[in-house]
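Hi everyone, thanks for coming. Let me put today's structure up on the screen, and then we can walk through it together.

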Amino acid sequence: MSINRRTVARSVRALGVASASAALALGFAGNALACNISEFSAEAKCDGDKGVITVTDVDPSGIPATISVYLQNNGADLKKIGEQVVKGSREGVTITFAENWKPDAEYRVHVKAAGYVDEDIKPNLTTPSTACKKEEEPPAPSDAPTPSATPSTPAEETDTPTPTPSESESTAPADTESNVPSPATGDSGLAETGANSNTGLIAGIAIGLVALGGGAVFFGMRRRGASSDR
């Protein structure tokens, strides 16, 4: 039975299409098995009281990739924490960066595998809000009294009785008026009324004597004048 050329050509064409499809499928499969950014993950953990950053690679092809970790500050690299090479596996390979991170800090993790990937793990790594090492709390105050800075006064000094004031010191200020000598009884009467005083009588006599003396002088001068006229 002869085979038609047209049938042979169709068969060859169909085989070529199938081969091309298979090659394309294998190419996609190879790319799927190759290193990819989705196969990397980063995490901030605690190793005792110290912080660490771990990066895990689950690339089954085991293509070497360089991992770089940077501390971020306002969207820019503040400093480079470290750089390591990892070869992944289907089960996953984890590398660790010693970093005593602060709570709520941000880190950029970059993955570079030549010919496969050269980009950051998205989103950036943010550390937990609690630090690995808890801050020590201040000691609670004890019930014992705190000693004073200055030495206490000896008991003998505190028990010394306070000296009592002398009679002169204890006397009230109002009593000081009694120390001033009081005026005589007669003087006090004169100061208050003047009724028992002889001042008026003496003054009257003195005025009378002055008047008599003046009259005598006046008459003596008139006589002397009359004698001179004769």
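Which residues form a nonpolar patch on the surface? They are Leu201, Ile205, Leu209 and Leu212, and together they have about 450 Å² of accessible area. For a patch, we take residues with over 30% relative accessible area and no salt bridge, joining like charges within 9 Å and nonpolar side chains (Val, Leu, Ile, Met, Phe, Trp, Tyr) within 5 Å. Areas come from the Shrake-Rupley method with a 1.4 Å probe, and for residues only the protein chains shown count as cover. One of the four, Ile205, lies in helix 5, residues 199–229. Helices (H or I, at least four residues) and strands (E, at least two) are DSSP runs, numbered from the N terminus.

A quick word on ground rules. This is a predicted model, with residues numbered from 1 along each chain as its sequence is written. Local features need pLDDT of at least 70, side-chain atom pairs count only at pLDDT 80 or more, totals for chains, interfaces and linings use all residues, and side-chain values use heavy atoms, with hydrogens and water left out.

Now, the inside. The largest nonpolar core has 26 residues, and those touching the most other members are Phe40, Ile53, Ile67, Val69, Phe97, Tyr107 and Val111. At least two core residues come from each of strands 1 (40–47), 2 (50–57), 3 (64–73), 4 (76–87), 5 (93–98) and 6 (106–113). By core I mean buried Ala, Val, Leu, Ile, Met, Phe, Trp, Tyr and Cys residues joined through side-chain atoms within 4.5 Å. Buried is under 20% relative accessible area, exposed is over 50%, and partly exposed is in between (1.4 Å probe, protein chains only).

Next, the disulfide, meaning two cysteine sulfur atoms within 2.5 Å. There is one by this rule, and it joins Cys46 to Cys132, with 2.0 Å from S to S. Cys46 is in strand 1 and Cys132 is in the loop between strand 8 (125–126) and helix 2 (155–158), 86 residues apart. Cys46 counts as partly exposed because its relative accessibility is 44%, whereas Cys132, at 14%, counts as buried.

Finally, how many salt bridges are there? Four, where the rule is a side-chain nitrogen of Lys or Arg within 4 Å of a carboxyl oxygen of Asp or Glu. In one of them, Arg108 pairs with Asp120, the closest N and O atoms being 3.0 Å apart. Arg108 is in strand 6 and Asp120 in strand 7 (residues 117–120), so this pair ties together parts 12 residues apart in sequence. Through shared partners, salt bridges join Asp77, Arg108 and Asp120 into one network.
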